[in-house]
Amino acid sequence: MTASLIAYATYLPRYRLAGGDVGLRRGDRVVASYDEDSTTMAVAAAARALEGHPLPASVYFATSSPAYADKTNATGIHAALGLPYASFATDLCGTGRSGFAAWRAAAATGGLALTADVRVGRPGSADERLGGDGAAALLFGDGPAIADVLATTSHTSEFLDRWRSPRSITGEQWEERFGADRYAALIRTAVDRTLDETGLAEVDHVVVACSNSAIVKRVGTLVKALKSTRTSPVGFSGVADAGITLASVLDVADPDETILVVSAFDGCDTLLLRTTAQLPLARQSTAVSLQRAEGMVVPHLTYLSWHGLVEFEPPRRPEPDRPAAPPAARAEEWKFGFAGTRCRQCGFVHLPPVRVCRSCGTVDEMDAAPVATLHGTIVTHTVDYLAYSPSPPMIQAVLDVDGGGRCTIEVTDAEPERLRVGARVAFTFRRLFTAGGVHNYFWKSHLLDTGSENDGKPRDQ
Amino acid sequence: MASRGINDRVGVVGMGCTRFGERWDSSTEDLILEAFAECIGSTPNIDKGDIDAYWLGTLGSGQSGLTLSRALSTDDKPVTRVENYCATGSEAFRNACYGVAAGAYDVVMAVGVEKLKDSGFSGLMRTDPPSDGTSPELSMTAPAAFSLLDPAYCAKHGVHPDEMRAAMTHVAWKNHDNGSRNPKAQFRSPVSRETINEAVKVAGRLGVFDCSGVSDGAACALIVPAERALEYTDTPMYVKGLSLVAGSSRASMDPEFDFTTFPEVVKAARDAYGQAGIDNPGTQLSLAEVHDCFTPTEIVLMEDLGFSETGHGWKDVLGGNFDADGRLPINPDGGLKSFGHPVGASGLRMLYEAWLQFRGDAGDRQLSDPHTALTHNLGGRPGACVSFVSVVGRELGR
């Protein structure tokens, strides 16, 4: 590995299942909204990680819950981030191992490693109770390092612990104690080898990601560290688990500390990092603990309907048409990049882009006006109880964007009663609906005080 | 450059309009035939063979002129199908009038029809071209789009939401009350204010009683040169002004736009008033049929059409100014609200009420000596719409 870690960020969705609904004695369960998937959450984490950094030339996107097969999901992320045409974006679909593969690739070439997962369990299952949805982004490159890569190791082993049919959204597990036994041995071997190869007696922090919950329970006795041994504060988040947990360490670690990431999925991979003096200056703007603390409870039945585990009566409205490929491709900068146009003659901002200025009539004299990272103010709003939505009612607002521009757009992650004229919003890339197997990706707004997205607070530097 | 208008150049000599409603047993063809039969039946000196050309307005109940030529078996006459959202019926009428005013035809017919209740869905259906899937018009329903007027109007004019709610309720109450005296209306029972207020919500603060009726229906008009109108009837209706504005949709992107007005309506009204020589619509008009698709729309229209001062529409509504016995009766036939809104037919239905009122045929809702009427028909939504305004009169030269 040649490149260093120069930035990181996580995205945790805003919705929570009440602990009582899923059999948790305390706490709750982090769940992606109906309009989120691994792609949209990766976009959110990536946008936070890229803030203030040059755009990467490679994107490696790993998930076990890809929105598409036979179509690269990373290209949607690439488009939503407005990355240059002449760059690489690929998927690595599988287990947490695919996440580690994304890290290895990004560390080798420089680039952005994105891991995201929506973990769905059958009602009443351990996966429903102990899982968590989210995304993590690690940016590797030549900039000021927040952590240097000291070593990696890998061990591979074929045994049956967790599995899932590609056609199913819920997974299976062999008797847990069998896999725990295998993983315990793998983890001990991997940790010993890492320490041997680097000549370290102990590390400051250990991060353990493993799909076997018995390992997660006994991790404190399995791997020792001077300062902390951590598993995900979110619950098991699949491919994103190691990244979210690593981020929770980077949120608090001091300079010149070692962090050993142990990623145990059908084998065991390790990554040993040493933090630098740059870390305290470049932590993510909202720590994992804060992202975890905020939340809005979704009724269990509603949540199950989001994943097709129960089916609600639909509104008496026709289902929308699937987005058409040629118009979507022509509108890539708008639909995915959320960029309008600004008239060079009079400055009028058009959301969406148009060729003839709506204000002065000038033709084809437009500059791009990207608005994805800007904020806006609600001018007027409504709750549409009649509209087709995967999770009615649909909330719509007319917004004025800071610096110019007006659009009508959905509001997400909000209780209708919190809408008001003058409320401040930011933008988030979401999936409006799926029709004919085509996901209709576009941007929505969310109320800024919900903390569900980048809240615009400056990074502490 | 301005629209010169065709003041007093054409006259309406016959009209027909079906009962609007859930016409489960009637097809599009049946509805066309029903309106046509009434129209032709009331004009003894014209039969089908005398009609030189047709304009058919329908949003989605058929395509091309064949929808009408097949239904009526029109003997190889020209039939032009027009579509302009909810202003479709008015648009058929407007273009038919121009066909006569241009001297191209002696007798033409404008027909509007819509068969909405066959779809099995609530509200209006859209048939949109393939798209990138980002337009809010694809997802947001019409009641939601028009409900945006309510919080914006309250905020701009400092109207308490309860006062605005009362004004919206008054619009619904008034139009249902008017419709109860109209045997062709979809809803023919008065509705109490409590029922209106407590109705299940559709979008924002709009309940089902704040929304126009979804219905089937058809209406039509026979148009001839004004100088020949008296050959066909003793009581023709003369066209004084016709205007149509299709907005650039600038407002939907313009931070200056405040969702308390329809700029397209203001411009269409100014044009039509200019053509008709109307300086003071509040006193020169005897009645107006306006596009009360949703209750806040009618409040805003009172201002945009010049019947109320800006910011006073809600107060004038509450004060009864636009009731059947008020200073300017608005939607005496019940409007879209209770007469119903079969899209392609609505514009012609509005003209039908003016026709009946001028002839003294409006039954229990007959106004005293009406001589000039306005019809206003809107398509689209706040920020991007088409707006039609006509002024029609009972007498030439007035």
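First, a term: buried means under 20% relative accessible area, exposed means over 50%, and partly exposed lies in between, with a 1.4 Å probe and protein chains only. This is a predicted model, where local features need pLDDT of at least 70, side-chain atom pairs count only at pLDDT 80 or more, and totals for chains, interfaces and linings use all residues. Residues are numbered from 1 along each chain as its sequence is written, chains are lettered from A and ligands numbered from 1 in the order in which they are written, and side-chain values use heavy atoms, leaving out hydrogens and water.

Start with A:Asp266. Its phi is positive, about 55°, although it is not a glycine. It sits in the loop between β13 (258–264) and β14 (267–275) of chain A. Strands here are DSSP runs of E, at least two residues, and are numbered from the N terminus. A:Asp266 counts as partly exposed because its relative accessibility is 28%.

Now chain B. B:Asp8 also is not a glycine, yet has a positive phi of about 65°. Look for B:Asp8 in the segment before β1 (10–17) of chain B.

Next, cis peptide bonds. One joins A:Leu351 and A:Pro352, with omega about 5°. A:Pro352 lies in the loop between β17 (349–350) and β18 (366–370) of chain A. Another joins A:Pro392 and A:Pro393, with omega about -5°. A:Pro393 is in the loop between β19 (376–384) and β20 (394–401) of chain A.

Last, the sheet. Two strands pair if DSSP finds at least two bridges between them. In chain A, three strands form an open antiparallel sheet, ordered β17-β16-β18. β17 and β18 of chain A are the edges, each pairing on one side only. Which residue stands opposite A:Thr341 in β18(A)? That is A:Ala368.

How values were computed. Helices (H or I, at least four residues) and strands (E, at least two) are DSSP runs, numbered from the N terminus.
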